[in-house]
Amino acid sequence: METPITHLNPTQETADFKQMPHNIEAEQGLLGALLINNDALDQVADFLKADYFYEPVHQRIFEAIYKLVGNGNLASPVTLKTYLEMDEGLEALGGVGYLARLASNATTIANAKQYGQTIYDLAIRRQLIVVGQEMVGDAFEGDIDQDPNAQIDKAEQALYSIAEKGAHATGFMGFDQSLTGAIEMAEKAYQREGSLSGISTGFRGLDDMLGGLQESDLIILAGRPAMGKTALATNIAFTIAHNYLRAKQSGNVEHKPDGSTEVKDGGVVGFFSLEMAAEQLATRMLAEQAGVSSSNIRKGDIHEDEYGRLVNAARELQDAPLFIDHTGAIPIATLAARARRLKRQKGLGLIVVDYLQLVRAGNQRDGRVQEVSEITQGLKALAKELNVPVLALAQLSRQVEARDDKRPQLSDLRESGSIEQDADIVMFVYREPYYLMREKPNEGTEEFILWEERMAAVDGTAEVIIGKNRHGPVGTAKMAFEDRFTRFSDLVEEDHLPERFD
């Protein structure tokens, strides 16, 4: 008859508290299985970490096994002896003989994954208990100046941190599953208005090149100041929110087997406006939709018919599922937590960040390049986690101004290495009339006549240059731009005009 392993006596909590949830037998069973067959590590390596074990000695044993196997060596009671014979905790349990008993009492490796799952589940429960205790402690001991909302954000970040750390790696996916996902995407494109696989931007030229904004993509929209980055972003955001509202009201929804519904067009938009206040952004959107100058709205210099258009536009805007967060210098972790909250409460189809360089990194870094790298990686991870496109605006360096051709390039991105690497799509806004206006020669000269001809050819136009596109071609989408209203629209060119009948 086998000698049973002596039950460990982990550090006991005080009598006033319940003991933290744990299962020593599951830990012993898994470690024994690993020691008799190192291949069992493949069953748990994707999701199990050393600190998920409750007993500290077991943490150190698992870590030693993991490192030995990872380096291509055998992990057995004999090989572990070299690394753990001086371990005081192991000595208290009987020294190296404890490792031998673990192996001898392991009956099979068939239950290794189940043991690992049990250890993982209990570790998550312990982490949740700690978060709950910290929440209670913070609520009791909070300073009078401390904002309770900050405590809510802290608790929410802690909970999602647990969720992220605990997310099981999917590992390899069978090609049949991949094909199913590809067919579903094609089916959505076939059924959706405009035959797009992604969410329509509302601009024909952009949609033709991008196929709409794709789920889980990080899309960078960059440009120099005054090029219209925010205007284009707000145009896209409003179009997507408005299309969602219109589809929902018209009943263009899909009823799923679990009882939930999915709106077929558009999406709920979360807009992080780090530069402009929510009221300023709303004023700009109102001006764009009503066709009234935003500067005239601020000054109150509007006519009766313009006021009527403003009222009608406000009625149309007020029900659109567009949510603005205008927290300045928001940390990337807080931004992610609020985006998750919005998706949980309202749903989410698009995240807009205006603009990337104003987001704060979570940790102090050696340089700005490392900070921006953490931010872009965080935004890309958020796009994949929530399965929504993230449209992040970015500033360009001044080197654009020094060139004769001021059309932006990928190298013009500030801290371009990390931004270009992490982004799925990089777009630039370029308006030639803006630069031509600054080169206006003296009237009456031959240069002035040539300048007028050039201005006439490009006046009221803009270009959105696709500098990187993981899913398709790069190129330029020409658009119309109304400076007074900071409004973009499709450019009607001669070859796109309807056929005339004389």
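At what angle do helix 1 and helix 3 pack? In this predicted model, helix 1 (residues 24–36) packs against helix 3 (residues 56–70) at an angle of about 25 degrees, and their axes are 11 Å apart. Helices here are DSSP runs of H or I with at least four residues, strands are DSSP runs of E with at least two, and both are numbered from the N terminus. Axes are lines fitted to C-alpha atoms, for helices over the stretch in contact, and angles run from 0 to 180 degrees between N-to-C directions. Helix 1 and helix 3 are therefore roughly parallel to each other (angles under 35 degrees count as roughly parallel, over 145 as roughly antiparallel, 65 to 115 as roughly perpendicular and the rest as oblique). The crossing of helix 1 past helix 3 is left-handed, a term used if the near helix is turned anticlockwise from the far one by less than a right angle, with right-handed used if clockwise.

Residues are numbered from 1 along each chain as its sequence is written. Because the model is predicted, local features need pLDDT of at least 70 and side-chain atom pairs count only at pLDDT 80 or more, while totals for chains, interfaces and linings use all residues; side-chain values use heavy atoms, with hydrogens and water left out.

Helix 7 (residues 112–141) comprises 30 residues. From its first C-alpha to its last, helix 7 reaches 43 Å, close to the 44 Å expected at 1.5 Å a residue (the expected span is 1.5 Å times one less than the number of residues). The buried residues of helix 7 include Ala 112, Gly 116, Ile 119, Tyr 120, Ala 123 and Arg 126. Buried denotes under 20% relative accessible area, exposed over 50%, and partly exposed in between, with a 1.4 Å probe and protein chains only.

Nine strands form an open sheet with mixed pairing, in the order 5-4-6-7-1-8-9-10-11. Strand 5 (322–325) and strand 11 (487–490) stand at the edges with a single partner strand each, so one side of each is left without a neighbour in the sheet. From one strand to the next, the twist averages 25 degrees. Two strands are taken to pair if DSSP finds at least two bridges between them. Strand 4 (residues 269–273) pairs with strand 6 (residues 350–354) in the parallel sense over five bridges, and Phe 272 has Val 353 in strand 6 as its bridge partner.

Strand 8 (residues 425–430) is largely enclosed by the rest of the structure, because six of its six residues are buried. Ile 425, Met 427 and Val 429 point one way from this strand, whereas Val 426, Phe 428 and Tyr 430 point the other way. In a regular strand, side chains alternate between the two faces of the sheet. Strand 8 pairs with strand 1 (residues 218–223) in the parallel sense over four bridges, with Leu 221 opposite Met 427. Strand 8 and strand 9 (residues 461–469) run antiparallel and are joined by six bridges; Asn 469 in strand 9 is the bridge partner of Ile 425.

The structure holds 11 salt bridges, each defined as a side-chain nitrogen of Lys or Arg within 4 Å of a carboxyl oxygen of Asp or Glu. In one of them, the closest N and O atoms of Asp 325 and Arg 338 are 3.0 Å apart. Asp 325 lies in strand 5 and Arg 338 in helix 15 (residues 332–346), so the pair ties together parts that are 13 residues apart in sequence. Asp 325 is buried, at 16% relative accessible area, whereas Arg 338 is partly exposed at 21%.

A salt bridge also links the side chains of Asp 412 and Arg 403 (2.9 Å, N to O). Asp 412 is buried, with a relative accessible area of 0%, and Arg 403 is partly exposed at 22%. Asp 424 and Arg 470 form a further salt bridge, with their closest N and O atoms 2.8 Å apart. This pair ties together parts that are 46 residues apart in sequence, because Asp 424 lies in the loop between helix 17 (416–422) and strand 8, and Arg 470 in the loop between strand 9 and strand 10 (475–482). Asp 424 is buried at 4% relative accessibility, while Arg 470 is partly exposed at 45%.
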